[in-house]
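Hello,

Here is the structure I promised to pass on. Please open it first, then read my notes below.

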Amino acid sequence: MAGEKKNWFQVAQDRIQIAGTKLGQNPEITEILRNPQRTLSVSIPVRMDDGTTKVFQGFRCQHNDAVGPTKGGIRFHQDETLEDVKALATLMTLKCAVVGLPYGGGKGGIVVDPTKLSTGELERLSRGYIRALGTFVGPDRDVPAPDVNTTGQIMAWMVDEYSKLTGHNTFALMTGKPLILGGSLGRTAATGLGGVYCLRLAAKKMGMSLKGATVAVEGFGNVGFYAAKILREEDGAKIVAITMVSGGVYDPKGIDPDDLKAYENKNGTVKGYKGLDNVSNEQLRALDVDIYIPAALQNAILKDNAKDVKAKIVVELANGGVNPDADEILEKNGAFVIPDILGNAGGVTVSYFEWVQNNYGYYWSEKEVNEKLERVMTEAFERVHNMYTTHKADKITMRMAADMVAVERIGEAVKIRGWVA
């Protein structure tokens with residue numbers, strides 16, 4: 001794992017290189033896209049509750065702004081590194097481009113274990129980070145959002161601090177905010193719902209009905225929960241297995257995600273739920289199901305265990321849930337993979353809608369948000385699938401097709417702006 005983590009940025013660069021080569025793109029454009037435009041490292045002094053001052057390290061990377069401001073989350077994690085931030089910013093550029101948003105990719109992070117801070121210390125750290133970034137970010141330059149261990153409350157503190165710096169309310173600085181500060185309806189379910197929209201299109205192309213289809217979901221956070229809930233309630237699918245950090249449940253008769261979530265909220269675990277068999281992540285991945293949804297950590301499916309996957313469709317809702325090395329094995333075994341930069345792009349799409357609503361000062365109903373999301377995800381899926389079928393002779397995977405759609409779009413902007421001769 002450590003080796004993979006260390007090379008994550010290299011993997012992202014390699015994906016851009018492969019896409020550029022397959023497209024026959026000008027190598028100078030590909031080289032521009034392989035390298036982040038700007039990275040910033042900051043030191044953030046924070047007054048702790050005991051009166052001492054501790055200095056935290058923070059980062060922000062703006063990968064490419066050829067088509068518009070950069071966009072991406074802020075992570076608070078004790079293992080955060082600049083290389084990680086650069087890799088995630090690069091992948092955010094691809095994700096925004098594949099769904100056609102007027103954004104490039106950005107990412108930020110602070111090296112901290114937020115569980116070891118009091119609420120006051122967390123607030124002072126959050127405000128200190130935004131003060132340190134200053135004009136490096138802004139609604140027309142770089143638009144952050146919540147990510148690992150950051151919340152709507154943290155975004156609210158950051159927006160408030162930035163508004164003090166600019167002298168006026170700047171709600172469009174951040175997305176993923178509470179509704180009262182310009183958050184968007186529909187944002188909570190957006191990533192899971194966007195993945196379901198893609199899954200419906202894939203099933204249609206494969207002649208598969210989702211009614212009664214068996215589904216295994218790895219990861220029962222916000223994304224996995226909403227994907228399971230929507231598939232069960234709207235599509236009539238049967239959720240037979242769900243795993244999370246504290247265990248997993250398997251029931252061939254079907255699981256009600258709402259009921260399981262209520263049990264988890266009450267008990268802090270899914271263990272003991274209705275006395276069902278415990279199922280591990282490894283066992284879940286190998287189940288004989290129609291659909292497998294990795295919605296937890298990166299590298300759930302690697303070259304070594306890809307052969308165990310029996311699902312006909314894999315919907316990658318976790319960032320990096322399927323390692324690119326596993327794609328060819330999955331496809332050879334008849335699995336249709338919806339890659340992460342397409343499958344989980346519903347979140348950044350509704351974040352874009354939030355930014356648009358902030359700039360307009362006019363807010364949409366949840367129904368309007370979901371209708372707009374469906375249109376964006378449908379068009380993006382069709383673009384990727386067309387690229388996939390057009391280049392099938394080149395033995396490309398769906399992930400390569402998504403990368404090619406993205407690299408072609410940003411490359412066009414780079415060229416037309418005159419960044420290369």
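At roughly what angle do the axes of helix H14 and helix H15 cross? Roughly 110°. Keep in mind that this is a predicted model.

First, the helix pair. H14 covers residues 366–390, and H15 covers residues 398–416. Their axes come within 8 Å. Angles of 65 to 115 degrees count as roughly perpendicular, so that is how H14 and H15 stand to each other. The crossing is right-handed.

Now the residues that meet there. H14 brings Phe 381, Arg 383, Val 384, His 385, Met 387 and Tyr 388. Facing them in H15 are Met 398, Ala 401, Ala 402, Met 404, Val 405 and Glu 408. By class, this contact holds nine nonpolar residues, two charged and one polar.

H15 also turns up elsewhere: it supplies at least two residues to the lining of the second largest pocket.

By class, the pocket lining has twelve charged, ten nonpolar and six polar residues.

To find your way around, start at the crossing of H14 and H15.

Best wishes

Key: Residues are numbered from 1 along each chain as its sequence is written. This is a predicted model: local features need pLDDT of at least 70, side-chain atom pairs count only at pLDDT 80 or more; totals for chains, interfaces and linings use all residues. Side-chain values use heavy atoms; hydrogens and water are left out. Axes are lines fitted to C-alpha atoms, for helices over the stretch in contact, and angles run from 0 to 180 degrees between N-to-C directions. Helices (H or I, at least four residues) and strands (E, at least two) are DSSP runs, numbered from the N terminus. Angles under 35 degrees count as roughly parallel, over 145 as roughly antiparallel, 65 to 115 as roughly perpendicular and the rest as oblique. A crossing is left-handed if the near helix is turned anticlockwise from the far one by less than a right angle, and right-handed if clockwise. Contact means heavy atoms within 4.5 Å. Ala, Val, Leu, Ile, Met, Phe, Trp, Tyr, Cys and Pro count as nonpolar, Asp, Glu, Lys and Arg as charged, and the others, Gly among them, as polar.
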